[in-house]
Amino acid sequence: MKAAVLVFPGSNCDRDMAVAFERAGAQVSMVWHKDTALPSDVDIVGVPGGFSFGDYLRCGAIAAKSPISASLKAHADRGGYVLGVCNGFQVLTETGLLPGALMRNANLKFVCKALDLKVETSQSDFTNGYNAGDIVTIPVAHHDGNYSVDDETLSRLRGEDRIAFTYAQNPNGSTADIAGVLSENRRVLGMMPHPERAVDDGHGGTDGVAMFRSLVASLETA
Amino acid sequence: MKVRVDVMLKNGVLDPQGEAVRHALGSLGFDGVDGVRQGKVIELDVAEGTTEDTVRDMCERLLANTVIESYQIHMG
């Protein structure tokens, strides 16, 4: 299984994401934002956390218009898999691959701690290593994680079972406690919490391992 | 040619920063400030003859996130 992790100026979770994919058995290549093409035969593209382009204009906005992003969008349009974490989730909403927007946390505080998440659906290759209803502990670290969608989009997300994770205790004011959402074809996941920061005992928890393992297992057999 | 673009959160979208500013004004003793909305002003220096349509395209594709933001263009 081949994974590519995008690197923007200001990305700071790119290597963590690469390690998480590697440990799960993927071959990983890093792709600079000025590249215009992804490596051939890439199964999944990771869009990492960080502060791409210093969060200038809006979080993720400049990264979403960088040269590699056209290839990212084409990859997703072809049915390729994409995992966007934190700033990566912001990039995915800015590219339009996922609905909604990430706004400033409602309490205006940067929140950095491990939080309990509820797995809302196991019906995706990202989450089929969990059971719906499971509580997993995954760290968050963000200032702009307040996921906002209008009522119509929210009911569509619910109706299509596209809410992947919710917060047990909402840290940022996000609509319906949403922590992560899936695309319509269930192959693009954006989430504010960092599963790649929960893959080693040294991290203080390993609840993120199941996501990377299930992705690799699903994509190897595909 | 100077063009100014005002970007604001859409009506109905909670603006926590504006709320914080409103509270701070209250604590400075400015009574009766019922609402504060915080946005941004973007000044562009563009070639003569640039049309409002072109600036609108800039807004739609980059300067504003129209999921949550609205914009106003002031030409010249």
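Mentor: The expected span of a helix is 1.5 Å times one less than its number of residues. Keep that in mind for this predicted model.

Trainee: How do you know that the length of H1(B) agrees with its residue count?

Mentor: H1(B) has twelve residues, so the rule gives 16 Å. The C-alpha atoms at its ends are 17 Å apart, which agrees.

Trainee: What comes just after H1(B)?

Mentor: B:Gly29 does, with a positive phi of about 95°.

Trainee: Which helix of chain B gives the most to the side that touches chain A?

Mentor: First, the contact itself: nine residues come from chain B and eleven from chain A. On the chain B side, helix H1 (residues 16–27) gives the most, with three residues. By class, that side has seven nonpolar, two polar and no charged residues.

Trainee: Why is A:Val7 called buried?

Mentor: Count its C-beta neighbours. A residue is buried if 20 or more other C-beta atoms lie within 10 Å of its own. A:Val7 has 22, so A:Val7 counts as buried.

Trainee: Where does A:Val7 lie, and what is in contact with A:Val7?

Mentor: A:Val7 lies in strand E1 (residues 2–7) of chain A. Leaving aside neighbours within four places in sequence, its contacts are A:Asp14, A:Met30, A:Val31, A:Trp32 and A:His33. A:Ile68 is 61 residues apart from A:Val7 in sequence, and 9.6 Å apart in space, C-alpha to C-alpha.

Trainee: Why is A:Gly25 called partly exposed?

Mentor: Exposed needs 12 or fewer neighbours, and buried needs 20 or more. A:Gly25 has 13 inside 10 Å, so A:Gly25 falls in between and counts as partly exposed.

Trainee: Where does A:Gly25 lie, and which residues does A:Gly25 touch?

Mentor: A:Gly25 is in the loop between helix H1 (14–23) and E2 of chain A. Not counting residues up to four places away in sequence, A:Gly25 touches A:Met1 and A:Val216. A:Lys2 is 23 residues apart from A:Gly25 in sequence and 9.2 Å apart in space, C-alpha to C-alpha.

Trainee: What makes strands E2 and E7 of chain A edge strands?

Mentor: Start with the sheet. It is open, with nine strands in the order E2-E1-E3-E4-E11-E10-E9-E6-E7 (chain A) and mixed pairing. Strand E2 (27–32) and strand E7 (135–142) each pair on one side only. The twist averages 20° from one strand to the next.

Trainee: How do you know that E4 and E11 of chain A pair?

Mentor: Pairing needs at least two bridges. Strand E4 (residues 81–85) and strand E11 (residues 188–191) of chain A are joined by four, so they pair. They run parallel. In E11(A), A:Val188 is the bridge partner of A:Val82. Helix H3 (residues 87–95) of chain A packs on the sheet and touches strand E3 (44–47), E4 and E11. Its direction makes about 120° with that of E4(A).

Trainee: Which residues touch the most other members of the largest nonpolar core?

Mentor: That core has 73 residues, and the ones you want are A:Ala3, A:Val5, A:Leu6, A:Phe21 and A:Val82. Leaving aside neighbours within four places in sequence, A:Val82 has contacts including A:Ile44, A:Leu72, A:Leu92 and A:Val188.

Trainee: Why is one side of E2 and of E3 in chain B left without a neighbour in the sheet?

Mentor: Chain B has an open sheet of three strands, E2-E1-E3, with antiparallel pairing. Strand E2 (40–45) and strand E3 (69–75) stand at its edges, each with a single partner strand, so one side of each has no neighbour there. Six bridges join strand E1 (residues 2–9) to E2(B). B:Val5 stands opposite B:Ile42 in E2(B).

Key:
Residues numbered from 1 in each chain as written. Chains lettered and ligands numbered in written order. Predicted model: local features only at pLDDT ≥ 70, side-chain atom pairs only at ≥ 80, totals over all residues. Core = buried A, V, L, I, M, F, W, Y, C linked by C-beta atoms within 7 Å. Contact = placed C-beta atoms within 7 Å. Helix = DSSP H or I, 4+ residues; strand = E, 2+ residues; numbered from the N terminus. Nonpolar A, V, L, I, M, F, W, Y, C, P; charged D, E, K, R; others polar. Axes fitted to C-alpha atoms, helices over the stretch in contact; angles between N-to-C directions.
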